[in-house]
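My notes follow the order in which I looked.

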Amino acid sequence: ESIEQQTCGALLIAGTAGDGKTYHCRSLWRELGGSEAIWDEGGAVKHLKLKDGRDSYFIKDLSELNEPDNNFTFSLLEHAIFKNDRSIVLVIAANHGQILECLRKRRYQEHRVHPLKLHLEAVFLQAGEGHPRLQVFDLSRSTHRKSLTDVLDVLTNHPEWEKCDSCQFQKAEAGCPIFENRRRLIDQGEAAQQMRSRMADLIELARLNGSHLPIRDL
């Protein structure tokens, strides 16, 4: 929405490994009209002409950029964010450490503190507000009880479970413990809800103890 309304010059999809940064970046590419064929081609920087005439650039992994692409990307960032250039918009997927390290290196190359550095540190380290022309979606902050519930719903209702009907372990007298766990998670009874609640409690405890569980781990 912020891209369509031209309220942001750059959108940063941040997180740790397994949070789904590339997945969200690709989904946005498709939503804006980008083709799968171009996305799957080589090259770290993807260009897409938006319907309103603006040029959008997608960087699906900041760590894949070579030096020329890196310089090109950060030059566009400064124009889109700090010079209010509304003819371009960037979508970047990156680990927290990756982009902060890039900005640190550029400090030595350019003999200045990059203006983006303080804004990102405020967002990542202090949960503060960044620059109004920069939208940051920190996926590492989104994993909580509902994330687990969503994952369980997708997994337990997956159509591939139908193949279990012909499984020898399913037909055996002892039954299949995996299928039984799935049955208990689908059931709407009190025991099933208690099982889900206790699993969610473990996720919440891990988060409060500083252990982030990305979607991949969930």
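I started with what covers the buried residues of α8, and found that the cover includes α6 (145-156), α7 (168-171) and α9 (190-208); helices here are DSSP runs of H or I with at least four residues, strands runs of E with at least two, numbered from the N terminus. The buried residues of α8 (residues 177-186) are F179, R182 and L185, where buried means under 20% relative accessible area with a 1.4 Å probe, protein chains only. Seen down the axis of α8, these fall within an arc of 120°, so they line one face of the helix; the arc is taken from the directions from the helix axis to the C-beta atoms.

I noted that the model is predicted, that local features need pLDDT of at least 70 and side-chain atom pairs 80 or more, while totals for chains, interfaces and linings use all residues. Residues are numbered from 1 along each chain as its sequence is written, and side-chain values use heavy atoms, without hydrogens and water.

Of its 25 residues, L12, L62, L77, L90, I92 and L120 touch the most other members. The largest share of this core, five residues, comes from α3. Apart from it lies another core, of 15 residues, among them L48, F58, V91 and A93.

Last, I looked up N70, which is in helix α3 (residues 67-81) and is buried, with a relative accessible area of 13%.

Conventions
Buried < 20%, exposed > 50% of the residue type's maximum accessible area, 1.4 Å probe, protein only. Contact = heavy atoms within 4.5 Å. Core = buried A, V, L, I, M, F, W, Y, C linked by side-chain atoms within 4.5 Å.
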